[in-house]
Amino acid sequence: MTPLAAIVLAALAGGVLSTLVAASTLALGPAWIPRLVSFAVGALLGAVFLELVPHALETGEAHRVMVVMLAGLLAFFLLEKLVLWRHSHGHATHDHASEESEHDHALHDHGPGGARSGLMILVGNGVHNLCDGIVIAAAFLAGPSLGVATTLAIVAHAVPQQVGDFAILVHSGYSRRRAFATNTAAGLATLAGALLAYFALADMQRALPVVLAIAASSLLYVAVADLIPSLHRRPEPIETAKQSALIAAGIAVIALVRALFET
């Protein structure tokens, strides 16, 4: 299989397939979401420390790779802050207006405010998927093992994210069919990002270490800043043991992929 074909298939898996899997897991109930999140943490950490960072260090200067990773983590922190600020600012404006009448207050979830929340979710999801596509393409250009491991990590964390996005869209007034269709359409941004990165990076091998470092910081930030804090909501020893086992399983899957491609 050519690198381009592998990238296209991986991008479809990361964007569209993850949406289909997320829709199917909704029937399993909310208890499955923390399990998926725990596994996703392991897969992301495994992809970062077993695949992305080692490949970036092999092909680039160590100091430069570390500086790019540090800058990437700080940039994603500021980007998320901006998104959260915009989101809270929009709700604050709507809440202020809703105080003027009971009718406006009733429309908070399914009126203009709810529609705005749904639109923000779709825009944010599309941008996130576009970045995932760039990460997938850069990974496959560096090697098939890295590409497969990175795709698995992206799918693992995309599924619980898509479940949450789907729930927010329905809460914002979307029908289930429309929420599924729009989430699937947003998932196609993964393919767009992958194709864009492939044609941009195919003849720019010197830029790959930098892109891989940015990709590593992106996945690391998602794992540490977004997913792990949600696991701390259940501090019971038995729950912690289950989370640890699933995190270890996620890391083991990435390690297995690496071992299979190295033999």
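What share of the 263 residues in the chain do buried residues make up? Buried residues account for 42%. Keep in mind that this is a predicted model.

**Whole chain**

Show the chain as a cartoon. The secondary structure comes to nine helices and zero strands. Run from the N terminus and the elements read α-α-α-α-α-α-α-α-α.

Switch to the surface. The accessible surface of the chain is about 13400 Å². Carbon and sulfur atoms hold 72% of that area.

Now think about contacts. Take those between residues at least 6 apart in sequence: 83% of them join residues at least 24 apart.

**Stop 1: α2 against α9**

Select residues 32-59, helix α2, and residues 237-262, helix α9. Their axes are 7 Å apart. The two helices pack at an angle of about 40°, and the crossing is right-handed.

Show side chains at the contact. On the α2 side, pick out Arg35, Ser38, Phe39, Val41, Gly42 and Ala43, among others. Further along α2, the list includes Gly46, Ala47, Leu50, Glu51 and His55. The α9 side includes Glu239, Lys242, Gln243, Leu246, Ile247 and Ala249. Also among the α9 residues are Gly250, Ile251, Val253, Ile254, Ala255 and Arg258. Colour the residues of this contact by type: twelve are nonpolar, six polar and five charged.

**Stop 2: Ile254**

Stay in α9 and centre on Ile254. Is Ile254 buried or exposed? Ile254 counts as buried because its relative accessibility is 0%, and the cut-off for buried is under 20%.

Leave out neighbours within four places in sequence and list what Ile254 contacts. In α2, these partners include Ala43, Gly46, Ala47, Leu50 and Glu51. Ala149 and Leu152 are also in contact with Ile254. Draw a C-alpha to C-alpha distance from Ile254 to Leu152: 7.8 Å in space, for residues 102 apart in sequence.

**Stop 3: Ser145**

Move to helix α6, residues 144-171, and select Ser145. Ser145 is buried, at 11% relative accessible area. Setting aside residues up to four places away in sequence, Ser145 touches Glu51, Val257, Arg258 and Phe261.

**Stop 4: Asn129**

Go to helix α5, residues 112-142, and select Asn129. Which residues does Asn129 touch, not counting residues up to four places away in sequence? Gln162, Ala186, Gly187, Ala189 and Thr190.

**Stop 5: along α7**

Select residues 176-201, helix α7, and find Arg178. Arg178 is partly exposed, with 48% of relative accessible area. Phe166 is twelve residues from Arg178 along the chain, and their C-alpha atoms are separated by 9.8 Å.

Now jump to Tyr198 and Phe199. The chain has a count of one aromatic pair, and these two residues form it. The geometry is edge-to-face, with 5.1 Å centre to centre and 80° between the planes. Compare the cover of the two residues. Tyr198 is buried, at 17% relative accessible area. Phe199, at 57%, counts as exposed.

**Stop 6: Ala215**

Select residues 208-231, helix α8, and centre on Ala215. Ala215 has a relative accessible area of 2% and is buried. With neighbours within four places in sequence left aside, Ala215 is in contact with Leu52 and Val135. Ala215 and Ala139 are 76 residues apart in sequence, yet 8.6 Å apart in space, C-alpha to C-alpha.

**Stop 7: Ala62**

Finish in helix α3, residues 62-98, at Ala62. How is Ala62 classed at 42% relative accessibility? Ala62 counts as partly exposed.

Definitions and conventions
Residues numbered from 1 in each chain as written. Predicted model: local features only at pLDDT ≥ 70, side-chain atom pairs only at ≥ 80, totals over all residues. Heavy atoms only, no water. Axes fitted to C-alpha atoms, helices over the stretch in contact; angles between N-to-C directions. Left-handed = near helix turned anticlockwise from the far one by under 90°. Contact = heavy atoms within 4.5 Å. Nonpolar A, V, L, I, M, F, W, Y, C, P; charged D, E, K, R; others polar. Buried < 20%, exposed > 50% of the residue type's maximum accessible area, 1.4 Å probe, protein only. Areas by Shrake-Rupley, 256 points an atom, 1.4 Å probe, with all protein chains shown as cover. Phe/Tyr/Trp six-rings, centres within 6.5 Å; stacked < 30°, edge-to-face > 60°.
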